[in-house]
Amino acid sequence: MSLVFVIPGPLRELAGNRAEVRVKSSAESASKALTLLWAECPGVRDRVVTEIGEVRPHVNIFIDGESIKFTGGLASPVRDGAEIVILPALSGG
Amino acid sequence: MPATRDVKPRNGDVLLLVGTMKGAFIFRSDEKRKSWDVGGPYFPGSAVYAMAYDGRAGRHRVWAAPHSMHWGGVLRSSDDFGKNWTNPESAPIKFPESAGVALNQIWQIAPGRETESDTLYCGVEPAALFVSRDAGETWSLNEGLWNHPQRERWVPGGGGMCLHTILLDPRSLDRIRIAVSTAGMYVTEDGGETWRPSNKGVRADFLPEKYPEFGQCVHKVVQSKVNPDRMFLQNHWGLYRSDDSGEKWKDVAKGVPSDFGFAMAIHPEDPDCAWIVPLESDGFRCTPEGKLRVYRTQNAGKSWDAMTKGLPQKDAYETVLRDAMANDPLDPAGVYFGTRNGKLFGSSDEGKKWSQLADGLPAVVSVNAVSISLPRKR
């Protein structure tokens with residue numbers, strides 16, 4: 001049982017300077033998987049989701065290469081061994 | 001990311017805390033204010049709508065509210081003038097779950113009075129007031145204002161529904177005035193338990209009722225430190241003065257090319273003296289006739305004089321936003337402002353002559369001017 005989280009560069013300082021965070025656990029959904037990440041790296045939480053638990057509008061989360069925007073949002077299923085990638089969206093100016 | 005420089009202030013120096021749409025800068029000069037070093041950019045890529053300096057209780061703390069489009073906003077501070085910044089794991093300012101909303105932007109950071117040296121206030125979007133009683137470690141939402149029955153009828157202005165002005169009455173810890181776009185001003189006289197609208201005489205040209213109890217689009221309010229009853233107000237159309245601590249407002253827009261604008265500053269010693277930058281209409285929002293003119297009154301708004309020496313008077317289509325003008329406490333007072341085109345101007349003689357301190361900054365959204373000397377004797 002494990003999950004791998006890929007941490008974007010700007011947030012690595014809040015993840016012990018790690019590019020990847022591996023947790024020895026499994027989760028049914030993206031929401032529960034992220035809760036495991038928050039427990040390991042609490043500083044990442046407020047940067048990725050708002051205080052009402054929504055993923056920030058310019059942040060994308062991919063599970064095994066697929067954006068959770070198209071697979072059920074935070075309810076998206078997560079397989080054992082999944083790679084969960086957090087990335088800043090293409091935005092700015 | 002760009003290389004960051006730091007300034008090394010000495011006691012007596014003047015600092016300009018300059019927030020832009022893509023980071024923060026700290027300008028430093030000695031008290032002559034003729035040449036400036038530049039520190040920054042700090043938080044490159046993040047919009048910094050609010051900065052503040054807390055020199056109370058022996059601190060030399062700079063506060064900033066960088067807001068990343070991606071990662072949200074976190075209040076951060078530096079005790080070494082920008083060399084190192086805190087990066088708290090948990091965002092210090094956030095709405096309680098019961099509020100059902102998320103913080104969008106911190107618009108104002110206001111250190112409390114000298115007698116409450118561990119108190120700070122923040123105004124945020126969506127419009128709300130947060131307070132810290134432990135020097136910024138923890139913050140709580142002011143429930144009295146948040147639960148005000150009129151709040152559901154507040155609407156966002158062009159910049160969002162922001163609480164952008166916090167005026168702390170130096171005579172009473174219980175009296176605080178805030179301004180929200182677009183809701184107008186509210187005042188508490190019991191330390192924030194209850195709030196009432198306080199907009200008497202302030203026009204709302206964009207509503208059928210021109211003088212409503214609330215709903216005005218107040219852009220900025222400034223209060224005299226030596227006579228706190230004296231205030232000036234730049235409205236979304238309308239330029240006002242109050243002589244009774246904001247209870248009633250009198251239109252003082254005679255002699256200015258437009259009564260639309262955002263930014264204001266008030267003299268540190270003379271309550272009759274204030275500076276504004278009028279803008280042409282709420283459609284164009286640039287300096288009228290392509291001339292960058294600061295207007296100054298020295299008689300409480302009876303008349304206004306254009307202060308143009310050193311400022312471009314041709315093809316200067318500039319916008320100066322609500323928090324992008326400030327004055328320092330020295331004698332003569334320094335006045336400073338930044339523009340959306342990334343220019344920063346300063347005057348060390350109360351506006352008689354201006355110098356361009358910087359060009360090519362990202363769009364300037366906030367300017368704070370502070371002296372890190374001991375308080376001046378009067």
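Which residues have the most contacts inside the largest nonpolar core? They are Met51(B), Ile106(B), Ile109(B), Ala263(B), Met264(B), Met325(B) and Val367(B), and the core holds 106 residues. By a nonpolar core I mean a set of buried Ala, Val, Leu, Ile, Met, Phe, Trp, Tyr and Cys residues joined through C-beta atoms within 7 Å. A residue is buried if 20 or more other C-beta atoms lie within 10 Å of its own, exposed if 12 or fewer, and partly exposed in between, with the C-beta atoms placed from the backbone.

Before going on, some conventions. This is a predicted model, in which local features need pLDDT of at least 70 and side-chain atom pairs count only at pLDDT 80 or more, while totals for chains, interfaces and linings use all residues. Residues are numbered from 1 along each chain as its sequence is written, and chains are lettered from A and ligands numbered from 1 in the order in which they are written.

On confidence, the predictor gives the complex an ipTM of 0.94 and a pTM of 0.96. Chain B averages a pLDDT of 96, the predictor's confidence in each residue from 0 to 100, and 99% of its residues score at least 70. Two residues are in contact if their C-beta atoms, placed from the backbone, lie within 7 Å.

Helices (H or I, at least four residues) and strands (E, at least two) are DSSP runs, numbered from the N terminus. Val367(B), not counting residues up to four places away in sequence, touches Leu16(B), Val18(B), Ala324(B), Met325(B), Ala326(B), Tyr336(B), Phe337(B) and Gly338(B). Apart from this core lies another, of 22 residues, including Ile7(A), Val44(A), Val49(A) and Ile86(A).

That brings me to chain A, which has two helices and five strands, running β-β-α-α-β-β-β from the N terminus on. Its radius of gyration, taken over C-alpha atoms, is 12 Å, which agrees with the value near 12 Å for a compact globule of 93 residues, the globule rule being 2.2 Å times the number of residues to the power 0.38. Of those 93 residues, 27% are buried, and among contacts in chain A between residues at least 6 apart in sequence, 54% join residues at least 24 apart.

How do the two chains meet? The contact takes 18 residues from chain A and 14 residues from chain B. Helix 2 (residues 42-48) of chain A gives the most to its side, with four residues, and that side divides into seven nonpolar, five polar and six charged residues. Here Ala, Val, Leu, Ile, Met, Phe, Trp, Tyr, Cys and Pro count as nonpolar, Asp, Glu, Lys and Arg as charged, and the others, Gly among them, as polar. As an example, Glu51(A), in the loop between helix 2 and strand 3 (59-63) of chain A, is partly exposed, with 19 other C-beta atoms within 10 Å. Leaving aside its neighbours within four places in sequence, Glu51(A) is in contact with Lys94(B), Phe95(B), Ala102(B) and Leu103(B).

Finally, a sheet in chain B. Four strands form an open sheet in the order 16-17-18-19, with antiparallel pairing. Strand 16 (218-223) and strand 19 (250-251) of chain B stand at the edges, each with a single partner strand, so one side of each is left without a neighbour in the sheet. Two strands pair if DSSP finds at least two bridges between them. Strands 16 and 17 of chain B pair over five bridges, strands 17 and 18 of chain B over four, and strands 18 and 19 of chain B over two.

Within this sheet, strand 17 (residues 231-235) of chain B has five of its five residues buried: Met231(B), Leu233(B) and Asn235(B) point one way, and Phe232(B) and Gln234(B) the other. Gln234(B) is the bridge partner of Lys220(B), whereas Met231(B) stands opposite Ser242(B) in strand 18 of chain B. In the hairpin of strands 17 and 18 of chain B, which has three residues between the strands, Trp237(B) takes a positive phi near 75 degrees.
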